[in-house]
Amino acid sequence: MDVQPMLTRDLVLRVCANSTEFDTAWTDDERKVVAPFLAPRDTALIDAVVRGAAAMGVERLLVCRTRAEHAYEPVTDAPATTAGIVEVVRGWGEEPTDLLLAVEDLSAAVLVTADELTVAAGPDAFVRAVVGTDVPGVRAGFAEEAQDRRDPELMRSATRYGCLEPGGRHARTSRAPGPDLAESLAERGRSLRENAPGAARALRAVRGALCWALLIVLGIAAAFAPGVSAAVPAAFGMLWLLVQLTVPARSRTVGFGTLVRMVPLGALMLWPIAFVQQTIGGALGPEAMDAGAGVYVAVYTEEIGKLVPLLVLWPVARRRLRRLAAVDYLLLGAASGAGFHLAEQGLAALASRGSVVAGAEHGLFTLLPGWTQIVPDGPVFPGHAVLTALIAGAFGLAAVGRHYHGAWMWALPVLAAGTAVVVHTRYNAAAEGLAVDPVGLFLAALTGDGALVRWMLLAVLAAAVLLDHRLMRPTADTTPPLPGDEPLAGLTRAARGRQVRARVRVPGDIAPVFRRAALAAIRVPVTLATGVAAMAHELEVQGRAARMGPSALFDSWRFLRHRRAHAMGAARAAGRPWRRYPSHARLDAARRRLETGAPAAGAAAVVGAAAAAAAAVPAPSPLAVESQGAAYALPVLQAALDTLADGPGAETVWALIGAAAILALAVGGWSVPWSPPAARTLLRSPGRAAMEILGMAAPGQLPYAAAGLACLLVARRPERQ
């Protein structure tokens, strides 16, 4: 059967609103990146279109004229080469006309008008290949050109494609909401570092000295209070759990210091949770609590209470919460659950004077420490941090992805909360020797009696990272690009080319549910390939910065995290006004410094001394632990208070001091250090260098110092032009 060629009318009606403008519904579908620009109609423009086709992995383009008089002409299927496209255009005659060049599945297109106006729309890789890597700069340049010329056509295009805000005078002032408390404090800190660097260095030195003093106090308390020494492995275990979750979370926008500061909030929640348990227990009566009601009371109060610290962030950082990535919810939940676990384990150790640590696993080679198993074949409790992270991560998937995948995403946090309740109830019932109904046993068996929950959390983590990177890609029109070229461009080209070829084969007359399912399956390889490519690009940026020195590496970590936050803010705003912090100008300046910055002078003495201090910190010795049953917040707190009341006065004081030192150490000294001192500063200003060393070498910053030492081993100077 002969296949009739597509008519120009059919193609233009799907893509364009008129002969010179794209249809808004088409550009909004799959959130295409749109970049209008001015370019002469010459072969250089055709070369740019060919580069875009190559980035999409296609070898042919659909070419047609868009004016009404050509509506019934057949669309030309031309090779994606400069010579092939020029031959088609010359066949139309010498008179300039508006033309459209589109990919076969209509996922990307370039609209060339008879004048200088050209508009490229499609995935970020296509648009960057056509207009250049700095898409926001191209859009800003077009807006400035339109304002300078005061051309009505250019002004309308700039407004239509979001280069200018709608309004009578197109004011450049931002309509975004104002800063919240967290952003105001961060801005004050930035102003202090820029305007009073000496005072900033002194404050950082004081913070570093206080942190080391707290560590010394903790060591003394551990020597005089056995409960404190038994709680130290739990603290290291929870810190190691956060590291295990943070390292693969390559789309996170929250800093590691913020996560550690969430730990005290989770720990302090043990007191209100115990109060609620006491209140409910008093209302139900001792008979009901002994009959098994206490198990359910403990499960529900603890699982709900561990999520409260995330709500506390709203009045402090409400703008920041709207820019969180899906994986950020998971990490914040893990930090809150880790704090509760630390408080529960610490009080249990205090109550038993260091002989019992509830049998939890906190080893260095343990995957997601904190899990507990009563007997080898019994149910497994994955740990409070894992369960809270599972619920918060599922909520993050729903909160971030509901606008793109539908309201069914809200079923994920419900399933996650149900899983946490079932696993927690099964473990507590087994520890108390209570029977579980058959339905509960069946549901617990689906989780491997709790053994599979940690792997479920890792699956949620991977899904959150891929979702975040998928949502970040369409924000290329507002987010500064990463420095350098994409290292896995060949992989993304192959995946996009396969997607185009597969999408054109999906029939348009089948049931919508089957068509949507087929298109979703076709998108999976592209989502995986582009996510992996984005993470590889970030790693390459960090590697290039590491060769410049520690200062550049630290700047790259901050730039990447702030860039992700900017992209997630644009993605979640979906066209609504949102708070851009840090600003695009500041992010772009950081990108340019990473591209052209000179290598930092080797601060070998600084990072070497810090790394030596890190090696000198003794690791906590493993303690003999006894297996303990279910540890509820209320009984554990009551037992600890009784022990403090009956124990020696000096031991009680040191126990309280040690607990306060553990919580205080989590408050500061975990963020990425600022610029280390140069080698010449060590000789010319030893006092200033000492303050800088102390300010960047707090106990929590020693891993960063070790990374800086590694930078010095691979540092090299860039080649001079």
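The model is predicted, and local features were considered where pLDDT is at least 70, side-chain atom pairs only at pLDDT 80 or more, whereas totals for chains, interfaces and linings use all residues. Residues are numbered from 1 along each chain as its sequence is written, and side-chain values use heavy atoms, with hydrogens and water left out.

The protein contains 30 helices and 10 strands, where helices (H or I, at least four residues) and strands (E, at least two) are DSSP runs numbered from the N terminus. Of the 721 residues, 49% are buried, a term that stands for under 20% relative accessible area, with exposed meaning over 50% and partly exposed in between (1.4 Å probe, protein chains only). Among the contacts in the protein with a separation of 6 or more, 77% join residues 24 or more positions apart, contact being defined as heavy atoms within 4.5 Å.

In soluble globular proteins, nonpolar side chains tend to be buried together. A nonpolar core is here a set of buried Ala, Val, Leu, Ile, Met, Phe, Trp, Tyr and Cys residues joined through side-chain atoms within 4.5 Å. The largest such core has 90 residues, and those with the most contacts inside it are Leu 241, Leu 245, Leu 330 and Leu 457. Helix α16 (residues 326–351) supplies the largest share of this core, namely 15 residues. A second, separate core of 33 residues includes Val 58, Ala 80, Val 88 and Ala 476. When neighbours within four places in sequence are left aside, Leu 457 is in contact with Leu 245, Leu 330, Leu 368, Val 386, Ala 389 and Leu 390.

Helix α16 also packs against helix α10 (residues 226–246), the two axes coming within 8 Å and crossing at roughly 165 degrees; axes are lines fitted to C-alpha atoms, for helices over the stretch in contact, and angles run from 0 to 180 degrees between N-to-C directions. The two helices α10 and α16 are therefore roughly antiparallel, the word used for angles over 145 degrees. Residues of α10 that take part in the meeting include Leu 241 and Leu 245, and those of α16 include Leu 330.

A second pair is formed by helix α17 (residues 384–405) and helix α18 (residues 411–432), whose axes are 7 Å apart and which pack at an angle of about 165 degrees. That angle makes α17 roughly antiparallel to α18. Among the residues that meet are Leu 387, Leu 390 and Ile 391 in α17, with Leu 412, Pro 413 and Ala 416 among those in α18.

Helix α23 (residues 550–573) has 24 residues and reaches 35 Å from its first C-alpha to its last, close to the 34 Å expected at 1.5 Å a residue, the expected span being 1.5 Å times one less than the number of residues. Most of α23 is covered, since 20 of its 24 residues are buried. Ala 574, which follows α23, has a positive phi, near 55 degrees.

Two single residues were also examined. Pro 309 lies in helix α14 (residues 308–316) and, at 2% relative accessibility, counts as buried. Beyond four places in sequence, Pro 309 is in contact with Met 262, Leu 265, Gly 266, Met 269 and Ser 336. Ser 157, in helix α7 (residues 152–160), is likewise buried, with a relative accessible area of 2%, and Ser 157 touches Leu 117 and Phe 142, not counting residues up to four places away in sequence.

Conventions:
Angles under 35 degrees count as roughly parallel, over 145 as roughly antiparallel, 65 to 115 as roughly perpendicular and the rest as oblique.
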